[in-house]
Amino acid sequence: MQSYMRLEVWKKSHQFVLDVYEVTKAYPKEELFALTRQIRKAAFSIPANIAEGTGKKSIKDFSNFLRISLGSAHECEYYVLLSKDLSYINGIQFSELNNDINRIKAMLIRFLKRLSEFE
């Protein structure tokens with residue numbers, strides 16, 4: 001496997017984590033152990049699972065970690081929507097985060113399809 005840091009999907013998901021951490025700094029203090037924690041955890045799970053998967057010996061194992069990343073991306077998509085509906089983020093922040101997470105999901109799906117050809 002190649003270094004995870006060279007993968008475009010990892011780069012995009014790592015930037016998403018940085019953006020989520022920046023945006024969630026402004027969340028209400030009462031959300032620190034609730035929504036703030038959950039969205040951050042789901043966000044960093046995406047690139048972390050990509051990184052862990054690249055260390056596996058088989059394509060099947062790597063694909064499994066990409067599927068976990070995809071699940072976390074879906075989770076983030078919901079948390080971004082919830083954040084908007086609770087007025088923790090504005091419309092511009094929502095659009096940017098939502099577009100980014102949808103790009104990441106599409107990249108993961110394409111990557112999984114490509115890998116399935118080699119399983």
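## Salt bridges

A search through the whole structure turns up six salt bridges. The term stands for a side-chain nitrogen of Lys or Arg within 4 Å of a carboxyl oxygen of Asp or Glu. Side chains of opposite charge can pair when their charged atoms come close. This is a predicted model, so local features need pLDDT of at least 70 and side-chain atom pairs count only at pLDDT 80 or more, while totals for chains, interfaces and linings use all residues. Residues are numbered from 1 along each chain as its sequence is written, and side-chain values use heavy atoms, with hydrogens and water left out.

Let's start with K105 and E77, whose side chains meet in a salt bridge at 2.7 Å, N to O. This pair links distant parts of the chain, with K105 in helix 4 (residues 91–116) and E77 in helix 3, 28 residues apart. Helices here are DSSP runs of H or I with at least four residues, strands are runs of E with at least two, and both are numbered from the N terminus. Are the two partners buried or exposed? K105 is buried, because its relative accessible area is 9%, and E77 counts as partly exposed at 24%. The cut-offs are under 20% relative accessible area for buried, over 50% for exposed, and partly exposed in between, using a 1.4 Å probe and protein chains only.

E22 and K25 meet through their side chains at 3.1 Å, N to O, and K25 is exposed, with a relative accessible area of 57%. D85 pairs with K84, and their closest N and O atoms are 3.1 Å apart. K84 has a relative accessible area of 31%, so K84 is partly exposed. There is also a network of salt bridges that links K12, D100 and R103.

Now look at R40 in helix 2 (residues 35–54).

What does R40 touch instead? Leaving aside neighbours within four places in sequence, R40 is in contact with V20, Y21, T24 and K25. Contact here means heavy atoms within 4.5 Å.

## Aromatic rings

The structure holds four aromatic pairs. One of them is Y4 with W10, an edge-to-face pair at 5.2 Å centre to centre, with 65° between the planes. Y4 counts as partly exposed at 27% relative accessibility, whereas W10 counts as buried at 13%. To count as a pair, rings of Phe, Tyr and Trp (its six-membered ring) need centres within 6.5 Å; planes under 30 degrees apart are stacked, over 60 edge-to-face, and the rest tilted.

F62 and F111 are also edge-to-face, at 5.5 Å centre to centre and 85° between the planes. F62 sits in helix 3 and F111 in helix 4, so this pair ties together parts 49 residues apart in sequence. Both of these Phe residues, F62 and F111, are buried.

One more ring to check is F94: K84 lies over its face, 5.2 Å from the ring centre. For a charge to sit over a ring, NZ of Lys or CZ of Arg must be within 6 Å of the ring centre and within 35 degrees of the ring normal.

A73 has its place in helix 3 (residues 59–85). With 0% relative accessibility, A73 counts as buried. Not counting residues up to four places away in sequence, A73 touches I46, I101 and K105.

Over in helix 4 you'll find N98. N98 is buried too, at 17% relative accessibility, and is in contact with E77 and V80, leaving aside neighbours within four places in sequence.

## The whole chain

How many helices and strands does the protein chain have? The count is four helices and zero strands, in the order α-α-α-α from the N terminus on. The radius of gyration is 15 Å, close to the 14 Å that the globule rule gives for 119 residues, so the chain is as compact as a globular protein of that length. This radius is taken over C-alpha atoms, and the rule is 2.2 Å times the number of residues to the power 0.38.

Of the 119 residues, 40% are buried. Among contacts with a separation of 6 or more, 73% come from residues 24 or more positions apart.
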